[in-house]
Amino acid sequence: MGRRRAMGREVEEDEDEYDFDELQSSGKRLKCGGSEEDQSENPLIPGSFFYPMSPTAFVVCDALEPDFPIIYVNSVFEIFTGYHADEVIGRNCRFLQYRDPRARRRHPLVDPVVVSEIRRCLEEGVEFHGEILNFRKDGTPLVNMLQLKPIHGDDGIVTHVIGIQTFSEAKIDLNRVSYPVFKQTSYQQCDLLGGNPPTNAENSQTSDVCGILQLSDEVLAHNILSRLTPRDVASIGSVCRRIRQLTKNEQVRKMVCQNAWGSEVMGTLELMTKRVGWGRLARELTTLEAVCWKKLTVGGAVEPSRCNFSACAAGNRLVLFGGEGVNMQPMDDTFILNLDAANPEWRRMPVTSSPPGRWGHTLSCVNGSSLVVFGGCGRQGLLNDMFVLDLDAQQPTWKEVLGGTPPLPRSWHSSCTVEGSKLVVSGGCTDAGVLLSDTHLLDLMTDKPVWKEIPTSWAPPSRLGHSLSVYGRTKILMFGGLAKSGNVRLRSGEAYTIDLEEDAPQWRQLVCGGVGSQNAVVPPPRLDHVAVSMPCGRIIIFGGSIAGLHSPSQLFLLDPSEEKPSWRILNVPGQPPKFAWGHSTCVVGGARVLVLGGQTGEEWILNELHELCLASIADVDT
């Protein structure tokens, strides 16, 4: 890797605003030039730069070289950090996390969760926005409001990363550390083993202590413990007192959850952790020790009464659209229930325009605050149009999205959202009563979204009334439905998976352990059931239209990512809903499952919600 020269110091400040478009289109590394005579040897002094309108530092890194070396910094960066350009060109920016230029590792107060998130964004070529602790060359702590923006070449490959940095004074106690610190003494070795201080005769035996326990707390926490699953971290805490103290650290627990569940899930769970902490939340979502049914009564009303509507959650808001009214009347109104309110109540949402009335459609949440409605049965037959509603807009309006050639018109299909912005639609029924087996994807983050059918060499039998559940970020589990079997249609109890991250995604039947044996747990075949994706990747199935005398309120749990996945029954205290079918379940905050069900099976009473609590909310010590 060649070392790059710093840009000339004679460059005026306004020249730092170079042409990013040219950089983006060229797809080449920057050529940096300048004169060393202009490099001042005088120390750089920040002066009184800590005022509200702070200047912005710019850093450009080469994404085509290993470890993203710096190829350009502006003078604001030099002034605030105390480093000259020629001292940092060719290095990775992580040296700002070291309090001393000679340090070999970052300072313990630097949040390892933020570091991991920065690493993930760089690896995936996506933007980063966040705050991280940095240090000037003289050791002065700084708060860096950091933005990382990837620059793509003509071929779509990330060629450079632009770092936009706003520094401010960090008022922190540098004597405080985020992890327990253990001095390397014989007493520490004793503590590793959980015994008494060793005698001279025993010193020779302490050299046999596992080498992993001789690592620093930071290395153990960030490089080892954080990469385990929450269940494994809980188990390894019994090894010794030192490991137990590390596993009880909130930052370590947060890193474990982020690596296991992903940043999107972490953002959803953030509010819960303010009440119970990451450690307890991870334990309860793993063991399901606190799961229970609760009844929730809310105010307001959804009128006129209806069934076959669709509802979903956007943050702590439940949104309901459409449905089948009296005499099969397609409804086109939108209702919202804000669970953050002191007294939650349903209210009609004023929108300037609405999609055509429909029922048997799907409603999905994208990007955290927008809703997407697709398909369904309207006044003139089946639909294949799509509308988006931004809940945070000053004047919410349903806007139609034209995405090229849409899927066939359909109803009673299923949909889900992958990676926050990709809408996936599968199956359903045509106007002629033909069951469908196709799968389509639409990425709503692109400037001009276009429907794409996912081509597979094999697909599950065509069906309607099934469920799609997302796990492992890009994987989808299909379960149940009314499926075609030869010349007949039967309720299905089979599960199928597909991973959209594969180069050529393929549907595969999920073979569950124990199926066929006498003691195997197998959910009865069903359609129009409820499927819930948990933060830890497991799926809960219950309710629906079930043949025979099986109870629709029985809950079944599956972890499709296991080497040999198997169903198990989940016994939950409390009063479950008598009916739960269709698109009537909303997951709120990652740990609350709200079921919009009824008491008669015909008309759904929407003021009586049933809540499946996956974790407790009591604020007690963990």
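Predicted model: local features only at pLDDT ≥ 70, side-chain atom pairs only at ≥ 80, totals over all residues.
**Four-stranded sheet**

I started with an open sheet of four strands, ordered β6-β35-β34-β33 and paired antiparallel. My strand labels are DSSP runs of E, at least two residues long, and helices are H or I runs of at least four, numbered from the N terminus. Two strands count as paired if DSSP finds at least two bridges between them. At the edges I find β6 (292–297) and β33 (585–588), each pairing on one side only. On average, neighbouring strands here are turned by 25 degrees against each other, direction ignored; the axes are lines fitted to C-alpha atoms, with angles from 0 to 180 degrees between N-to-C directions. Then I checked β33 against β34 (residues 592–595): the two are antiparallel over four bridges. Within β34, Leu594 sits opposite Cys586.

Residues are numbered from 1 along each chain as its sequence is written, and side-chain values use heavy atoms, with hydrogens and water left out. pLDDT is the predictor's confidence in each residue, from 0 to 100. For the protein chain the mean is 81, and 81% of the residues reach 70 or more. Residues 178–198 fall below 50, though that stretch has 46 contacts in the model beyond near neighbours in sequence. I count a contact as heavy atoms within 4.5 Å. Over residues 201–207 pLDDT also stays under 50, and there the model has four contacts beyond four places in sequence.

**Strand β25**

Is β25 (residues 495–499) buried or exposed? Five of its five residues are buried, meaning under 20% relative accessible area with a 1.4 Å probe, protein chains only; exposed is over 50%, and partly exposed lies in between. Ala495, Thr497 and Asp499 point one way, while Tyr496 and Ile498 point the other. I then looked up the partners. β22 (residues 475–479) pairs antiparallel with β25 over five bridges, and Phe479 stands opposite Ala495.

**Cores**

Next I went for the largest nonpolar core, which has 28 residues. A core here is a set of buried Ala, Val, Leu, Ile, Met, Phe, Trp, Tyr and Cys residues joined through side-chain atoms within 4.5 Å. Leu281, Leu285, Ile540, Leu555, Leu612 and Leu614 have the most contacts inside it. Elements giving two or more residues include α10 (250–261), β28 (530–533) and β34, but α11 gives the most, with eight. I listed what Leu614 touches beyond four places in sequence: among them are Leu285, Val291, Met534, Ile540 and Val593. Apart from this core lies another, of 18 residues, including Val110, Ile132, Leu148 and Ala170.

**Lys171 and the PAS record**

Lys171 sits in the loop between β5 (158–169) and α5 (186–193). Lys171 is exposed, at 76% relative accessible area. Its C-alpha atom is 8.8 Å from that of Val143, 28 residues apart along the chain.

Last, an unreviewed UniProt entry puts "domain: PAS" at residues 70–101; such annotations may be inferred rather than shown by experiment. In the model that stretch is 34% helix and 12% strand, with its end C-alpha atoms 16 Å apart.
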